[in-house]
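Biologist: I am new to this structure and would like to know what stands behind the words used for it. Please show it, and then let us take the terms in turn.

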Amino acid sequence: MKKTENHLGEIIITDRYIKSLIAQTTAECIGVVGMSSFGVKQRLKALFKRDGDAGIILRYNSDGDLIVELHITASYGANIGAVAHSLEDKIKYALSSEAGITVHRVNTYVDDMKV
C-alpha cells in the first residue's frame, strides 16, 4: 500500500490496485501467454479466488520504492530477454503515469513456456 498526502488530503493506493495495473500491462505484452501462480499460498488462492494477481509479488525497499516480482508463462520461441526488458519498461511507465509510483526494479521469472 502506498500513501501520499497533498493539500486535498491523504491518497491511499492499495496493493490490489497496483497488482491489477501490473496484470493488465503484462497481459498486453507480446511474448507473455499468462501469469504463473508461485508458491503454495498463491496456488491455493488461485484455486478458490480469481483476483488476477497470480504471479505478482510486491515488495518495498528501505526508500519506499516498489520492487515487483513477476512469474510468467512465456510464448515458445519468444526472445526471453526482450520480453523481460519490455515488461520492465512497460510496468515502470504504467505505474509511474497512472499512480505516481516509482518502481525500483522488476524481476521477471519465466516459470513455463507454451506454444
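Modeller: Thr 102 sits in the loop between H3 and strand E6 (103-114); helices (H or I, at least four residues) and strands (E, at least two) are DSSP runs, numbered from the N terminus. The model is predicted, so local features need pLDDT of at least 70 and side-chain atom pairs pLDDT 80 or more, while totals for chains, interfaces and linings use all residues. Residues are numbered from 1 along each chain as its sequence is written, and side-chain values use heavy atoms, with hydrogens and water left out.

Biologist: Why does Thr 102 count as partly exposed?

Modeller: Buried means under 20% relative accessible area, exposed over 50%, and partly exposed in between (1.4 Å probe, protein chains only). Thr 102 has 47% relative accessibility, so it counts as partly exposed.

Biologist: What does Thr 102 touch, not counting residues up to four places away in sequence?

Modeller: Thr 102 touches Asp 65 and Leu 66, where contact means heavy atoms within 4.5 Å. Its C-alpha atom is separated by 7.3 Å from that of Lys 92, 10 residues apart along the chain.

Biologist: Why does Glu 69 count as buried?

Modeller: Its relative accessibility is 14%, so Glu 69 counts as buried. Glu 69 is in strand E5. Not counting residues up to four places away in sequence, it touches Gly 55, Ile 56, Ile 57, Arg 59, Asn 107 and Tyr 109.

Biologist: What makes Thr 73 buried?

Modeller: Thr 73 has a relative accessible area of 7%, and is therefore buried. Thr 73 is also placed in strand E5. Leaving aside neighbours within four places in sequence, its contacts include Gly 31, Val 32, Asp 112 and Met 113. Thr 73 and Asp 112 are 39 residues apart in sequence, yet 4.7 Å apart in space, C-alpha to C-alpha.

Biologist: How much of the protein chain counts as buried?

Modeller: Of its 115 residues, 32% do. The chain has 3 helices and 6 strands, in the pattern β-β-α-β-α-β-β-α-β.

Biologist: Why is H1 called oblique to H3?

Modeller: The axes of H1 (residues 15-27) and H3 (residues 80-99) come within 10 Å and cross at roughly 135°. That makes H1 oblique to H3: angles under 35 degrees count as roughly parallel, over 145 as roughly antiparallel, 65 to 115 as roughly perpendicular and the rest as oblique. Axes are lines fitted to C-alpha atoms, for helices over the stretch in contact, and angles run from 0 to 180 degrees between N-to-C directions.

Biologist: Which residues of H1 and H3 meet?

Modeller: Among them are Tyr 17, Ile 18 and Leu 21 in H1 and Leu 87, Lys 90 and Ile 91 in H3. By class, the contact has 9 nonpolar, 2 polar and 2 charged residues; Ala, Val, Leu, Ile, Met, Phe, Trp, Tyr, Cys and Pro count as nonpolar, Asp, Glu, Lys and Arg as charged, and the others, Gly among them, as polar.

Biologist: Which residues in H1 are buried?

Modeller: Ile 18, Lys 19, Leu 21, Ile 22, Ala 23, Thr 25 and Thr 26 are buried. What covers them includes strand E4 (56-60), strand E5 (66-75) and H3.
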